[in-house]
Amino acid sequence: MFKSIDLNISEPVNQQIYRTLRKAIITCQILPGIVLSEKEISEQFSVSRQPVREAFIKLAEAGLVQILPQRGTFITKISVKKVIDGQFIREAVECAIIKRVAVEINDSDILLLQKNLAEQKEANERKDIRYFLEKDDEFHQILMNVIDCQMAWETVENIKAMMDRVRFLSLEEISPPEDLVKQHENIFIALQNHDPEQAVQAQHEHLSTILDTIKIVAQQKTEWFVD
């Protein structure tokens with residue numbers, strides 16, 4: 001169903017299981033409507049059921065699963081409304097952050113973003129959508145690290161879980177990675193110029209893309225979506 005990982009003893013097990021399942025759901029290795037078995041996943045990771053149960057709860061908080069007592073844990077369909085609501089909240093948070101980043105960014109941060117953009121381009125050239133998504137997330141996380149606001153990233157990461165499923169489904173044809181790389185480059189240029197207004201505008205244009213793509217994806221995969 002999905003590729004398991006070797007657990008790292010230095011990290012909480014439930015967090016590692018959560019991240020693995022989250023990635024598998026977002027990249028459609030586990031499809032909407034599938035039932036997740038607490039027993040099977042605990043056996044797959046060679047752990048007790050408790051950390052799996054905790055991972056399920058966190059997935060439910062992100063809107064990726066629905067836990068029904070006595071029935072099981074189901075992968076949710078993609079809610080168009082939740083994606084639109086999530087985009088609204090994410091843009092509010094990230095546009096406020098990018099304004100501060102444009103003022104506070106330093107040469108070290110610029111180098112990190114340049115390296116990330118090069119890796120995004122490499123992922124696009126290799127047609128590696130999963131790796132591109134990781135680099136896309138990393139780009140936004142770097143921005144939040146500039147102002148040392150881990151809580152903002154944790155909030156956005158939780159909000160955008162449903163959005164990430166749409167992003168993955170749209171990357172091949174509807175919203176190709178090269179377009180997103182160009183949008184990231186526009187954000188980067190604004191930050192290099194230390195121009196808060198230009199940065200906010202570039203961020204807005206980037207984050208609002210999903211409002212167009214979700215309409216197309218929802219028509220293509222009707223069985224995976226709800227209103």
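Q: Where is Lys127?
A: Lys127 is in the loop between α5 and α6. Helices (H or I, at least four residues) and strands (E, at least two) are DSSP runs, numbered from the N terminus.

Q: Before we go on, what kind of model is this, and how are residues numbered?
A: It is a predicted model: local features need pLDDT of at least 70, side-chain atom pairs count only at pLDDT 80 or more, and totals for chains, interfaces and linings use all residues. Residues are numbered from 1 along each chain as its sequence is written, and side-chain values use heavy atoms, with hydrogens and water left out.

Q: Back to Lys127. Buried or exposed?
A: Lys127 is exposed, at 65% relative accessible area. The cut-offs: buried is under 20% relative accessible area, exposed is over 50%, and partly exposed is in between (1.4 Å probe, protein chains only).

Q: What about its backbone phi?
A: Lys127 has a positive phi of about 60 degrees, although it is not a glycine. Most residues other than glycine have a negative phi.

Q: Which other residue has a positive phi of about 60 degrees without being a glycine?
A: Cys28 has one. Cys28 sits in the loop between α1 and β1 (35–36). Cys28 counts as buried, with 19% relative accessibility.

Q: How many are nonpolar, polar and charged?
A: The α5 and α6 contact has ten nonpolar, two polar and four charged residues. Ala, Val, Leu, Ile, Met, Phe, Trp, Tyr, Cys and Pro count as nonpolar, Asp, Glu, Lys and Arg as charged, and the others, Gly among them, as polar.

Q: And how do α4 and α11 pack?
A: Helix α4 (residues 80–104) meets helix α11 (residues 209–220) at about 170 degrees, with axes 10 Å apart. That makes α4 roughly antiparallel to α11. Val80, Val83, Ile84 and Gln87 of α4 touch Ile210, Leu211, Ile214 and Ala218 of α11. By class, that is seven nonpolar, one polar and no charged residues.

Q: New topic. How many salt bridges are there?
A: A search of the whole structure finds 19 salt bridges. The test is a side-chain nitrogen of Lys or Arg within 4 Å of a carboxyl oxygen of Asp or Glu.

Q: What does Arg22 pair with?
A: Arg22 pairs with Asp164, at 3.3 Å, N to O. The two link distant parts of the chain: Arg22 is in helix α1 (residues 13–26) and Asp164 in helix α8 (residues 161–170), 142 residues apart. Arg22 is buried at 8%, and Asp164 is buried at 2%.

Q: And Arg167, what is its partner?
A: Arg167 pairs with Asp136 at 3.0 Å, N to O. Arg167 is in helix α8 and Asp136 in helix α6 (residues 129–146), so the pair ties together parts 31 residues apart in sequence. Both Arg167 and Asp136 are buried.

Q: What about Lys39, which residue does it bridge to?
A: Lys39 bridges to Glu43, with the closest N and O atoms 2.8 Å apart. Both are in helix α2 (residues 38–45), four residues apart, about one turn of the helix. Lys39 is partly exposed at 43%, and Glu43 is partly exposed at 48%.

Q: Last one, the overall fold. How many helices and strands?
A: Eleven helices and five strands. Of the 227 residues, 48% count as buried.

Methods:
Axes are lines fitted to C-alpha atoms, for helices over the stretch in contact, and angles run from 0 to 180 degrees between N-to-C directions. Angles under 35 degrees count as roughly parallel, over 145 as roughly antiparallel, 65 to 115 as roughly perpendicular and the rest as oblique. Contact means heavy atoms within 4.5 Å.
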